[in-house]
Amino acid sequence: MKLYVCWGTFPTPRPGGHPCANAYHALKDAGHDPEVKRVQGLGPLPSFLQTPGRREVKRLTGNYWVPVLVADDGTIIDGSREIADWARAHPAGAAGQAGPAS
């Protein structure tokens, strides 16, 4: 599985935490070990200023915003809350789950 994030997964002083870090930690708490893809840049910038990583996110989701999770089965989950909800519903090693993978 691949998790596309902006810069990293480290804690920030932002109220409620940083969305990319929240998604990452939700996946880790559910037993997953995602391959983290740092796309850098900023989502609201015009297309000609986007990084190659953000362009990949746009190809996957139709927008430049992260975090985005691409699950092992190809399912795309867009957004921090949505990724956290998916992680809680799909813990690694649960019946029918493939478990952690990169």
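These notebook entries record what I looked up in the predicted model shown above.

**Entry 1: basis and confidence**

I number residues from 1 along each chain as its sequence is written. I read pLDDT as the predictor's confidence in each residue, from 0 to 100. The protein chain averages 91, and 92% of the residues score at least 70. I noted residues 96-102, where pLDDT stays under 50. For that stretch the model has 16 contacts (heavy atoms within 4.5 Å) beyond four places in sequence.

**Entry 2: the sheet**

I took helices (H or I, at least four residues) and strands (E, at least two) as DSSP runs, numbered from the N terminus. Four strands form an open sheet in the order 2-1-3-4, with mixed pairing; two strands pair if DSSP finds at least two bridges between them. Strand 2 and strand 4 (76-78) each have a single partner strand, so one side of each is left without a neighbour in the sheet. Neighbouring strands are turned by 20 degrees against each other on average, direction ignored. I found strand 1 and strand 2 paired in the parallel sense over four bridges. Tyr-4 has Lys-37 of strand 2 as its bridge partner.

Helix 1 packs on this sheet and touches strand 1, strand 2 and strand 3. Its direction makes about 160 degrees with that of strand 1. Helix 3 also packs on the sheet, touching strand 1, strand 3 and strand 4, and its direction makes about 130 degrees with that of strand 4. Axes here are lines fitted to C-alpha atoms, for helices over the stretch in contact, and angles run from 0 to 180 degrees between N-to-C directions.

Which residues of helix 1 (residues 19-29) are buried? I listed Cys-20, Ala-21, Ala-23, Tyr-24, Ala-26 and Leu-27. Buried means under 20% relative accessible area, exposed over 50%, and partly exposed in between (1.4 Å probe, protein chains only). Their cover includes strand 1 (2-5), strand 2 (35-38), strand 3 (68-70) and helix 3 (80-89).

Helix 1 and helix 3 pack at an angle of about 5 degrees, with their axes 8 Å apart. This makes the two helices roughly parallel (under 35 degrees; over 145 is roughly antiparallel, 65 to 115 roughly perpendicular and the rest oblique). Helix 1 contributes Pro-19, Asn-22, Ala-23, Ala-26 and Leu-27 to the contact, and helix 3 contributes Ser-80, Ile-83, Ala-84, Trp-86 and Ala-87.

Just after helix 1, Gly-31 takes a positive phi of about 90 degrees.

**Entry 3: single residues**

I looked up Thr-9 in the loop between strand 1 and helix 1. Thr-9 is buried, with a relative accessible area of 14%. Beyond four places in sequence, Thr-9 touches Ala-21, Tyr-24, His-25, Val-36 and Arg-38.

Trp-65 lies in the loop between helix 2 (52-61) and strand 3. Is Trp-65 buried or partly exposed? Trp-65 is partly exposed, at a relative accessible area of 48%. Not counting residues up to four places away in sequence, Trp-65 touches Gly-43, Pro-44, Arg-54, Val-57 and Asp-78.

Ile-77 belongs to strand 4 and counts as buried at 9% relative accessibility. Leaving aside neighbours within four places in sequence, I found Ile-77 in contact with Pro-67, Val-68, Leu-69, Glu-82, Ile-83 and Trp-86.

Technical notes
This is a predicted model: local features need pLDDT of at least 70, side-chain atom pairs count only at pLDDT 80 or more; totals for chains, interfaces and linings use all residues. Side-chain values use heavy atoms; hydrogens and water are left out.
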